[in-house]
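Reader: Hi! Could you walk me through how the helices pack in this one?
Author: Happy to, here it is.

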Amino acid sequence: MNLPNKLTLLRVILVPVFVVMYIKQMFIPAFIVFIVASFTDMLDGKIARKYNLITNFGKIMDPLADKILVYSAFCLFIEDGTMPAWILIVILLREFTVAGMRTVAASEGIVIAAGITGKIKTVLQMIAVPLLIISSMHNVLYILSQVFLWASLVMTIVSGVEYVVKNKSVFA
């Protein structure tokens, strides 16, 4: 297993660590674990592209690891009232739609690459989470955390619509 794939697995392994720390209200350690896990996302992609270490495992697990990390945080935020549940429902609607379309396309031998709006959505989510953790501790940066949460929601909708429109032939 190459280094980018190991970093992706590390991100998945860090999720339960993050969750336990957050639940135990160890917000600073949870914040640090989330930042480290998010950094592995950037790092594994850079290494894979630079050294041509792109694998099918990485193509599947990297975005899945991102979703597991971010959506675990969102579930915690719903539990403690930091975030309304309907935002996660909208996000999951987009994710299931995209995943369904990719599955249908793959069954026909078509690979649908991630678009730039989807990548922006992920970056905004990964910025929103640490800001939400900080704001849950002291209400510091509350407005900024909400800006990034709402921006990620808008990009979720935009990227989902873009994805469906660009790939409508999958439904034909």
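Author: H3 and H4 are roughly antiparallel to each other, a label for angles over 145 degrees. This is a predicted model, where local features need pLDDT of at least 70, side-chain atom pairs count only at pLDDT 80 or more, and totals for chains, interfaces and linings use all residues. Residues are numbered from 1 along each chain as its sequence is written, and side-chain values use heavy atoms, without hydrogens and water.

Reader: Nice. At roughly what angle do the axes of H3 and H4 cross?
Author: They cross at roughly 155° and come within 9 Å. Axes are lines fitted to C-alpha atoms over the stretch in contact, with angles from 0 to 180 degrees between N-to-C directions. Helices are DSSP runs (H or I, at least four residues), numbered from the N terminus.

Reader: Which residues meet there?
Author: Lys 67, Tyr 71, Phe 74, Cys 75 and Ile 78 in H3 meet Ala 85, Leu 88, Ile 91, Leu 92 and Glu 95 in H4. By type, this contact has 8 nonpolar, no polar and 2 charged residues.

Reader: Switching topic: which residues touch the most other members of the largest nonpolar core?
Author: Phe 18, Phe 34, Phe 74, Phe 77 and Val 129, out of 29 residues. A nonpolar core joins buried Ala, Val, Leu, Ile, Met, Phe, Trp, Tyr and Cys residues through side-chain atoms within 4.5 Å, buried being under 20% relative accessible area (1.4 Å probe, protein chains only). H3 gives the most to this core, with 7 residues.

Reader: And what is Val 129 in contact with, beyond four places in sequence?
Author: Phe 34, Val 70, Ala 73, Phe 74 and Phe 77, where contact means heavy atoms within 4.5 Å.

Technical notes. Buried means under 20% relative accessible area, exposed over 50%, partly exposed in between (1.4 Å probe, protein chains only). Helices (H or I, at least four residues) and strands (E, at least two) are DSSP runs, numbered from the N terminus. Angles under 35 degrees count as roughly parallel, over 145 as roughly antiparallel, 65 to 115 as roughly perpendicular and the rest as oblique. Ala, Val, Leu, Ile, Met, Phe, Trp, Tyr, Cys and Pro count as nonpolar, Asp, Glu, Lys and Arg as charged, and the others, Gly among them, as polar.
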